[in-house]
Amino acid sequence: MQKIAFFDIDGTLTSELDGSIPESTVTAIRKARENGNLMFINTGRCFQNVEKRFRDIGFDGYVCGCGTNIYCDGKNVFYAPQSHETIMTILKKARETNVDILFESRKEVCFDLSRPLTNPDAIRQYEIFLKRGYEMPEDLENPNFFCDKFVIWFENEEQLNEFRKVSDLHFECIDRGRTFREFVPYGYSKATGIQYVLNYYGLDLSCAYAFGDSNNDLSMLSFVPNSIAMGNSSPASLFDKVSHVTAKASESGIFLALKHFGFLS
């Protein structure tokens, strides 16, 4: 029976130690495809932020932006952007509450630079995008500007709660730990992305396997019958919510799990 696997990126495809892609991971995914199985990235990142080094591994498709943008066999088969009007209400509240905000779409990433970024993690991410050569438009009030999802960095719970008085009207808030939150439009998730792909290929849910390492993967790990947590997962409570725990990403966790579940035989 043909199987299909969905992989988170950070801490799953990449080593938790240095962000590199273990060679054993590349080998295993390519071998699994050679054996007739389908391999998909399933990520909170929008497509423009799925770096070439990941695409070069070789995948049958991508579920991006937590299910808001899907690619199968090189074709963009699904896209659900947010309207400019909705995003402007979010931008206004972000400025009122002084959170650092990053808007993401399939074509671009955009920080609100109307004031200096203050959170060290936000500043670090901005510098990473600069090094990658990403174009980051600053005129967010341009009527042609829109996005698919966004993330924020905040300083305290009161600030977050005030921001969510507006964001909760349109977006689900995902706790990514510390003072970092991810916001995805209601009705979309890594799980809805999996179901769309299964429908596209005419596959049953029993054929689906999902690999992840954090709360942002919980929707897909809870959805599929074959859920795999990386040994480096955080929080550790994720281990109790999956059907299988593999080794750490840096210790050939992907290779060992794909072998265990018969992808490589």
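User: Which helix holds Arg33?
Analyst: This is a predicted model. In it, Arg33 falls within residues 23-34. That run is helix α1.

User: Is Arg33 buried, partly exposed or exposed?
Analyst: The relative accessible area of Arg33 is 32%. Buried needs under 20%, and exposed needs over 50%. Arg33 is therefore in between: partly exposed.

User: Which residues does Arg33 touch, leaving out those up to four places away in sequence?
Analyst: Gly58 sits 25 residues from Arg33 along the chain, yet their C-alpha atoms are separated by 8.6 Å. Gly58 is also among the contacts of Arg33.

User: Where is Asp60 found?
Analyst: Helix α2 covers 52-55 and strand β3 covers 61-64. Asp60 is in the loop between α2 and β3.

User: Is Asp60 buried or exposed?
Analyst: Asp60 touches Arg33, Asn37, Leu38, Met39, Phe40, Tyr71, Cys72, Asp73, Gly74 and Tyr201, not counting residues up to four places away in sequence. Its relative accessible area is 11%. The cut-off for buried is under 20%, so Asp60 is buried.

User: What is the relative accessible area of Phe54?
Analyst: Phe54 is in helix α2. Its contacts beyond four places in sequence are Ile9, Leu13, Thr14, Ile21, Ile41, Arg45 and Phe59. Phe54 counts as buried, and its relative accessible area is 0%.

User: What separation do the C-alpha atoms of Phe54 and Ile21 have?
Analyst: Phe54 and Ile21 are in contact. Along the chain they are 33 residues apart. Their C-alpha atoms are separated by 8.3 Å.

User: How many disulfides does the count come to?
Analyst: A disulfide needs two cysteine sulfur atoms within 2.5 Å. The count comes to 0 disulfides. Cys64 is in none, as its nearest cysteine sulfur, that of Cys46, is 7.3 Å away. For Cys72, the closest cysteine sulfur is in Cys64, at 11 Å, too far for a bond. The total is 0.

User: Are Cys64 and Cys72 buried or exposed?
Analyst: Cys64 has a relative accessible area of 0%. Cys72 likewise has 0%. Both are buried.

User: What phi does Asp73 have?
Analyst: Most residues other than glycine have a negative phi. Asp73 is not a glycine, but its phi is positive. Asp73 is in the loop between β4 (69-72) and β5 (75-79) and is partly exposed at 47% relative accessibility. Its phi is about 50°.

User: What phi does Asn98 have?
Analyst: Asn98 lies in the loop between α3 (84-97) and β6 (100-104). It is partly exposed, at 41% relative accessible area. Its phi is positive although it is not a glycine. The value is about 60°.

User: Is the peptide bond from Ser234 to Pro235 cis or trans?
Analyst: Most peptide bonds are trans. Pro235 lies in the loop between β12 (226-229) and β13 (244-245). Omega from Ser234 to Pro235 is near 5°. That bond is cis.

User: What radius of gyration does the protein chain have?
Analyst: A compact globule of 265 residues would have a radius near 18 Å. The C-alpha trace spans about 55 × 35 × 35 Å along its principal axes. The chain agrees with the globule value, at 18 Å.

Terms used:
Residues are numbered from 1 along each chain as its sequence is written. This is a predicted model: local features need pLDDT of at least 70, side-chain atom pairs count only at pLDDT 80 or more; totals for chains, interfaces and linings use all residues. Side-chain values use heavy atoms; hydrogens and water are left out. Buried means under 20% relative accessible area, exposed over 50%, partly exposed in between (1.4 Å probe, protein chains only). Helices (H or I, at least four residues) and strands (E, at least two) are DSSP runs, numbered from the N terminus. Contact means heavy atoms within 4.5 Å. The radius of gyration is taken over C-alpha atoms; the globule rule is 2.2 Å times the number of residues to the power 0.38.
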